Amino acid sequence: MDISTLCIHGSKDHTHNTGAVSVPIYQSATFVHPAVGMSTGYDYSRLQNPTREQLERIVARLENGIDAMAFSTGMAAVAAMMELFKPGDHLLVSDDLYGGTHRLFAHISMKNGLTFDYVDTSDREAILKHIRKETKALFIETPTNPMMKVTDIQEAAAIAREHGLLLAVDNTFLTPYLQNPLDLGADIVLHSGTKYLSGHNDTLAGFLVVASQELSEKLRFIYKTTGACLAPMDSWLMIRGIKTLAIRMEKHQENAMALAQWLLTHPKVKDVYYVGLPNHPSYEVSKKQARGFGGMLSFKVDSEATAKRLLEKVELVMYAESLGGVETLITYPMLQTHADVPQEVRQAMGIDERLLRLSVGIESVDDIIADLDQALAD
Ligand SMILES: *Cc1c(COP(=O)(O)O)cnc(C)c1O
């Protein structure tokens with residue numbers, strides 16, 4: 001079945017024969033046992049809920065995983081994944097990481113005895129140089145946020161296999177519609193479902209999708225024990241969002257490509273970071289491992305004053321955090337997503353006062369361009 005069909009037909013109510021086209025919202029915390037020692041398959045909604053189960057089934061199928069767990073947020077999914085590790089373990093992670101993940105590692109995971117090295121995971125030698133005997137996992141985000149660096153997932157998987165490391169990939173930016181890390185050798189895929197999977201800037205969610213029974217069992221245990229599961233209503237909203245994932249992603253990337261090309265021609269724009277531009281350093285790797293380039297791009301303007309004025313003058317484009325929804329959002333990484341990243345680290349990565357990030361929505365691209373054009377004018 002094609003992925004666009006799967007997005008629509010992958011969720012069905014298997015529990016009752018009502019014929020409901022939309023999966024019902026099972027707003028029940030607990031479930032009656034038919035007899036002593038017997039269960040309907042549902043005992044308590046922290047463990048499993050029929051609505052959430054349908055959502056998890058479809059996300060697992062979209063990522064070609066054997067199991068998917070739906071969390072209340074993307075960060076809850078990352079936090080649960082970190083419970084796989086114990087004090088003394090070392091992880092190698094992408095240097096240009098989502099700010100919230102960086103904060104979790106630096107302030108919670110380190111306190112719990114884990115150590116990290118932040119490396120440019122798009123550079124194979126950099127990864128190899130930092131592997132030591134305590135290293136247990138490689139955690140990558142690709143493309144990265146906001147500098148759009150791409151890691152070759154197959155190459156990372158080969159390194160991980162050779163050194164006995166777990167490979168986890170944050171696939172939030174490209175979604176399973178455009179990239180399937182498990183097929184490329186990853187062990188765990190992570191999503192902030194808040195972004196493209198939900199798609200409407202109205203629901204928070206997170207996912208872990210796994211390739212093995214062993215990881216499914218370990219993470220299911222952590223999941224039911226720590227308890228950050230997705231509520232039935234939000235699970236239903238996610239199912240609804242996913243139905244239009246294919247058509248949204250096509251439009252997001254069509255608009256992103258047009259915008260990237262327009263930005264390149266603007267005299268006040270100095271650099272454009274979009275993996276779909278043939279001169280992007282990772283263009284070829286992207287073409288090899290993904291079915292498209294997605295809807296995220298960053299750009300640098302000529303001065304801090306231009307950046308700030310643009311943020312104040314946009315009307316259609318909204319100055320707000322987050323990404324992946326139908327509305328075009330612009331963020332100022334230095335002050336928002338990456339505010340907690342130490343300044344020298346930020347500067348070294350190129351995240352400065354002239355850098356802006358766009359989550360390109362699915363409005364008419366002419367309207368987005370007209371708005372940015374007026375906001376960039378003197
Ligand atoms: C937003 C985001 C997260 C965190 O997800 P929340 O749903 O906001 O908790 C993790 N990784 C990436 C790449 C994100 O964009």
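Predicted model: local features only at pLDDT ≥ 70, side-chain atom pairs only at ≥ 80, totals over all residues.
Residues are numbered from 1 along each chain as its sequence is written, and side-chain values use heavy atoms, with hydrogens and water left out.

The protein has 14 helices and 12 strands; these are DSSP runs numbered from the N terminus, helices being H or I of at least four residues and strands E of at least two. Its C-alpha atoms fill a box of roughly 75 × 50 × 35 Å along the principal axes. Of the 378 residues, 57% are buried, meaning under 20% relative accessible area with a 1.4 Å probe and protein chains only; exposed is over 50%, and partly exposed lies in between. Among contacts (heavy atoms within 4.5 Å) with a separation of 6 or more, 72% join residues 24 or more positions apart.

A nonpolar core is a set of buried Ala, Val, Leu, Ile, Met, Phe, Trp, Tyr and Cys residues joined through side-chain atoms within 4.5 Å. The largest one holds 88 residues, and L55, L167, L259, L297 and F299 touch the most other members. Helix α10 (residues 245-265) gives the largest share of this core, eight residues. Apart from it lies another core of 28 residues, including F85, F105, F139 and I222.

L55 also belongs to the contact between helices α2 and α9, where it is joined by I58 and V59 of α2 and by M238 and I239 of α9, among others. The axes of α2 (residues 50-62) and α9 (residues 232-243) come within 8 Å and cross at roughly 35°; axes are lines fitted to C-alpha atoms over the stretch in contact, with angles from 0 to 180 degrees between N-to-C directions.

Most residues other than glycine have a negative phi, and most peptide bonds are trans. The bond from T142 to P143 is cis, with omega near -5°, and so is the bond joining N145 and P146, with omega about 5°. T175, in helix α7 (residues 175-178), has a positive phi near 65° and is buried at 1% relative accessible area. N201 has a positive phi near 55° and is partly exposed at 32%.
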